[in-house]
Amino acid sequence: MIRLKNLTKIYRTDEVETTALDNVSIDINEGEFVTIMGPSGCGKSTLMNILGLLDSPTAGEYHFAGTEVAGFSERQRTSMRKTHIGFVFQSFNLIDELTVYENVELPLLYLKMPAPARAQKVHEVLERIQIMHRRNHFPQQLSGGQQQRVAVARAIVSNPRIILADEPTGNLDSTHGDEVMRMLTELNKAGTTVVMVTHSSAYAEYATRVVHLFDGHVVAENYQEALRA
């Protein structure tokens, strides 16, 4: 599904040049659950931003589902994101002024899905994530674990081919963190590709492969028997 070849990202100012990623080459197959680990500043967030088409590489190749997307314009990247990629963030990134239902519905509005189809999809995913009883609540009225449930529902409502989860348990206690990992595992078992950044070695065990970054380089890749809760 994803092929990165000699991917490089350099940030430049008038005085400083910083290499965030240096000739990174990774293949991610459809249906995999891949965890990316490494110390702060190693390039994890930069890599996730490029995988999610939120940023472009300085050099190298990025093939997504057989299409070379490294040179895409912002408009092309936006179109690809809307139809193929779901995001789950550490800080939830919910819109405080919208209800749970409206937050989950938002990606479908961007896709210009008709109202009846939107209603059906949102109801299905709220039931699946077991948050339907909070559909008319606002994010501030929810616990951290409930907010992350809503974030996962929003990420999957458009049936993306891949979910990118950036420290999805970082703001949660262990009980709610375990709950989010179970949800990601179930989604992966149902066929969705998952790529997750985490600092937690315990949560990395849910993945089938762990990619280790250091100073912008891939320094190791470990295949493992995933923990399937």
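How many bridges join strand β1 to strand β4, and in which direction do the two strands run?

**Entry 1: the sheet.** I found 5 bridges between β1 (residues 2–12) and β4 (residues 59–64), and the two strands run antiparallel. Ile-2 stands opposite Phe-64 in β4. I worked from a predicted model, in which local features need pLDDT of at least 70 and side-chain atom pairs count only at pLDDT 80 or more, while totals for chains, interfaces and linings use all residues. Residues are numbered from 1 along each chain as its sequence is written, and side-chain values use heavy atoms, with hydrogens and water left out.

I took helices (H or I, at least four residues) and strands (E, at least two) as DSSP runs, numbered from the N terminus; two strands pair if DSSP finds at least two bridges between them. I then traced the open sheet of 4 strands, whose order is β2-β1-β4-β5 with antiparallel pairing. Because β2 (17–28) and β5 (67–68) are edge strands with a single partner each, one side of each has no neighbour in the sheet. Helix α1 (residues 44–51) packs on the sheet and touches β1, β2 and β4; contact means heavy atoms within 4.5 Å.

**Entry 2: helix α3.** I asked whether α3 is enclosed or open. In α3 (residues 100–110), 8 of the 11 residues are buried, so the helix is largely enclosed by the rest of the structure. Buried means under 20% relative accessible area, exposed over 50% and partly exposed in between (1.4 Å probe, protein chains only). Among the buried residues are Tyr-101, Glu-105 and Pro-107. I noted that the buried residues pack against α4 (115–128) and α5 (144–156). Lys-112 follows α3 and has a positive phi, near 60°.

**Entry 3: α3 against α4.** I read an angle of about 125° between α3 and α4, with their axes 10 Å apart. Axes are lines fitted to C-alpha atoms, for helices over the stretch in contact, and angles run from 0 to 180 degrees between N-to-C directions. α3 is therefore oblique to α4; angles under 35 degrees count as roughly parallel, over 145 as roughly antiparallel, 65 to 115 as roughly perpendicular and the rest as oblique.

**Entry 4: α5 against α6.** I found that the axes of α5 and α6 (residues 174–189) come within 9 Å and cross at roughly 15°. The two helices are therefore roughly parallel to each other. Contact residues include Val-152 and Ile-156 in α5, and Met-183 and Leu-187 in α6.
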